[in-house]
Amino acid sequence: MQILSDYLKQTGVDANLQSLIATLADCSVEISQLVRGGALAGVLGATESENVQGETQKKLDVIANDLIKDKLAAQPLVKALASEEEDHVVACHADGHYLVSFDPLDGSSNIDINSLVGTIFSVLPAQAGIDGEQAFMQAGRNQVLACYMLYGPATVMALTTGNGTQMFSLDPTDNQFKLVDGAVQVPADTSEFAINMSNQRFWQAPMQQYIADLLVGKEGPRGKNFNMRWIAAMVGDVHRVLSRGGLFTYPTDTKDPNKPFKLRLMYEANPMALLVEQAGGIASTGYETILDIQPNHIHQRVAVILGSRHEVAECLAYHSR
Ligand code: AHG
Ligand code: MN
Ligand code: MN
């Protein structure tokens, strides 16, 4: 079994990126241990604070955020960081090479029910002479690295440095990530979809029609039956898509007129879009390729439709009618 650091060296990944990946892996090993400890580690439950997005922070949101922030601040290659749980960009090392955005704990609502959670990272190149939030305003296409760690029955890491998507599994006997798939491929076709159906009445017409046609299955225009899954953690749903295909979407909705989208571009949509594209899938808002969006805010939100390329194309066709 090839360990992560050997794999990166042998495949010629840039030495600085190797060092940064080691730091990110390090963060996830510690978070994984806290997650495994559950109630015994004192990490369950909520805090009394809210993040900048008005969401109540879970204890583990804060613990994971602080842990990652400290480790990144101690990594000289990091120029600045942006986190779901930080109101503003945090400056680190003026001569650092990388800008790291992260969702310290994705799927927070799953923590207290002992279900899937993970961590998501997106890395952009630092740009000379551009600081603060402005430096992060680069399209997802510029990412030099994207990865997530999923704390499930096994802790796994999906990683891309722009040369395909690789999957690693954390060996609990020595705390090393080991390669399990050097070229992840999302099957082009699928009969599985993931959407929060309870929001149905708030969707726009194209998504209403697309899902309605899936639900009538064999008797409808698609001529086949579909299955549905919803993990309520994007990391879990995207991991299923990378593992066996599927379509995952969190579409535009009118539930809260001030918040038409749920998922965050910089540390949810962009890194997942790169991982999915590098595995042969597609990631779109319905009207625009996620990785081509020019961001204007570190906490901005977008609609997301991603996964198996033929199925995502079917869904996009409803949007262009
Ligand atoms: P987070 O826990 O980082 O706030 O993200 C949760 C996101 C995403 O992971 C998931 O797909 C979605 O919220 C779940 O939304 P519902 O609560 O509508 O199921
Ligand atoms: Mn999240
Ligand atoms: Mn989160």
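# A tour from ring cluster to metal site

Start by selecting W230, F248 and Y250: ring pairs link these three into a cluster. Rings of Phe, Tyr and Trp (its six-membered ring) pair if their centres lie within 6.5 Å; planes under 30 degrees apart count as stacked, over 60 as edge-to-face and the rest as tilted. Before you go on, know that this is a predicted model, where local features need pLDDT of at least 70, side-chain atom pairs count only at pLDDT 80 or more, and totals for chains, interfaces and linings use all residues. Residues are numbered from 1 along each chain as its sequence is written, chains are lettered from A and ligands numbered from 1 in the order in which they are written, and side-chain values use heavy atoms, with hydrogens and water left out.

**Stop 1: around W230**

Zoom in on W230, in the loop between β12 and α6. Helices (H or I, at least four residues) and strands (E, at least two) are DSSP runs, numbered from the N terminus. W230 and F248 form a stacked pair, 5.7 Å centre to centre with 5° between the planes. F248 is in strand β13, so this pair ties together parts that are 18 residues apart in sequence.

Now show the surface. W230 counts as partly exposed at 26% relative accessibility, whereas F248 is buried, with a relative accessible area of 1%. (Buried means under 20% relative accessible area, exposed over 50%, partly exposed in between, with a 1.4 Å probe and protein chains only.) Leaving aside neighbours within four places in sequence, W230 also touches other residues, including A194, I195 and D237; contact means heavy atoms within 4.5 Å.

**Stop 2: another aromatic pair**

The structure holds 5 aromatic pairs. Y7 sits in helix α1 (residues 4-10) and F168 in strand β9 (residues 166-171), so the pair ties together parts that are 161 residues apart in sequence. Y7 counts as buried at 10% relative accessibility, and F168 counts as buried at 0%.

**Stop 3: the nonpolar core**

Next, pick Y148, L242, M272, V304 and L306. These have the most contacts inside the largest nonpolar core, which has 45 residues. Such a core is a set of buried Ala, Val, Leu, Ile, Met, Phe, Trp, Tyr and Cys residues joined through side-chain atoms within 4.5 Å. Colour α7 too: this element gives the most to the core, with 9 residues. The core draws at least three residues from each of domain 1 (4-181) and domain 2 (192-320), with bounds that come from an automatic or database domain assignment.

What does Y148 touch, leaving aside its neighbours within four places in sequence? Its contacts include T119, V156, M167, H239, L242 and M272. A second, separate core of 40 residues includes L8, I31, L145 and C147.

**Stop 4: the manganese site**

Finally, click on the manganese ion (ligand 3). Which residues coordinate this ion? They are E84 (OE), D103 (OD) and L105 (O), at 2.1 to 2.2 Å. Donors are N, O and S atoms within 2.8 Å of the metal (3.2 Å for Na, K and Ca); water is not among the atoms, so sites may look incomplete.

Along the sequence, the donor residues are spaced E-x18-D-x1-L. E84 is in the loop between β3 (78-83) and β4 (90-91), while D103 is in strand β5 (residues 98-106), 19 residues apart. Both E84 and D103 are buried.
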